[in-house]
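Please take a look at the model shown here.

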Amino acid sequence: MSFAADLQTQLDRLAAAGWTRDQIAEPTGYTRRQIAAWAAGADCKPALRIGLLAVLRGLKGKPPPEDRPNTQVSHD
């Protein structure tokens, strides 16, 4: 499987789990436009490919950010 196809598969899986493109992009450190371009076949450095797919695969089992329990402590 090509990088672009693998990336698109990971994006589709996250989207099916309720993640938006912005929520997917935020933990990667890249913009949704960059990720979409790479998924469409734009050139991407090999080390970046490995790191990006690792991050996306790690997100696959987690709920989207708005569904996660609030773990912040209020200082009222």
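L56 touches L7, Q10, L11, L14, I24 and T28, leaving aside residues up to four places away in sequence. The model is a predicted one.

**Helix 4**

Helix 4 covers residues 46–59 and has 14 residues. From its first C-alpha to its last it reaches 20 Å. That is close to the 20 Å expected at 1.5 Å a residue. Which residues of helix 4 are buried? They are L48, L52, L53, L56 and L59. These residues cover an arc of only 120° around the axis, so they sit on the same side of helix 4. P46, A47 and I50 are exposed, on the other side of helix 4. The cover over the buried residues of helix 4 includes helix 1 (3–16), helix 2 (21–25) and helix 3 (32–39).

**The nonpolar core**

The largest nonpolar core has 16 residues. Within this core, F3, L7, L11, I35, W38, L52 and L56 touch the most other members. Helix 1, helix 2, helix 3 and helix 4 are the elements that give two or more residues to this core. Where does the largest share come from? It comes from helix 4, with five residues. In soluble globular proteins, nonpolar side chains tend to be buried together.

**Q10 and A16 in helix 1**

Q10 lies in helix 1. Is Q10 buried or exposed? Q10 has a relative accessible area of 2%, so it is buried. Leaving aside residues up to four places away in sequence, Q10 touches L53, L56, R57 and K60.

At 71% relative accessibility, A16 counts as exposed; the cut-off for exposed is over 50%. A16 and K60 are 44 residues apart in sequence. In space they are 9.9 Å apart, C-alpha to C-alpha.

**The aromatic pair**

The structure holds one aromatic pair. Its rings belong to Y30 and W38, with their centres 5.2 Å apart and their planes at 80°, so the pair is edge-to-face. Over 60 degrees between planes is the cut-off for that label. W38 is buried, with a relative accessible area of 9%. Y30 is partly exposed, at 30% relative accessibility. W38 also belongs to the core described above.

The table sets out relative accessibility for the residues discussed one by one.

| Residue | Relative accessibility | Class |
|---|---|---|
| Q10 | 2% | buried |
| W38 | 9% | buried |
| Y30 | 30% | partly exposed |
| A16 | 71% | exposed |

**The whole chain**

Now the overall picture. The protein has four helices and zero strands. From the N terminus on, the order of elements is α-α-α-α. How many of the 76 residues count as buried? The share is 29%. The accessible surface comes to about 5100 Å². Carbon and sulfur atoms account for 53% of that surface. Contacts between residues at least 6 apart in sequence can be sorted by separation: 68% of them join residues at least 24 apart.

Terms used
Residues numbered from 1 in each chain as written. Predicted model: local features only at pLDDT ≥ 70, side-chain atom pairs only at ≥ 80, totals over all residues. Heavy atoms only, no water. Buried < 20%, exposed > 50% of the residue type's maximum accessible area, 1.4 Å probe, protein only. Contact = heavy atoms within 4.5 Å. Areas by Shrake-Rupley, 256 points an atom, 1.4 Å probe, with all protein chains shown as cover. Phe/Tyr/Trp six-rings, centres within 6.5 Å; stacked < 30°, edge-to-face > 60°. Expected span 1.5 Å × (residues − 1). Arc of directions from axis to C-beta. Core = buried A, V, L, I, M, F, W, Y, C linked by side-chain atoms within 4.5 Å.
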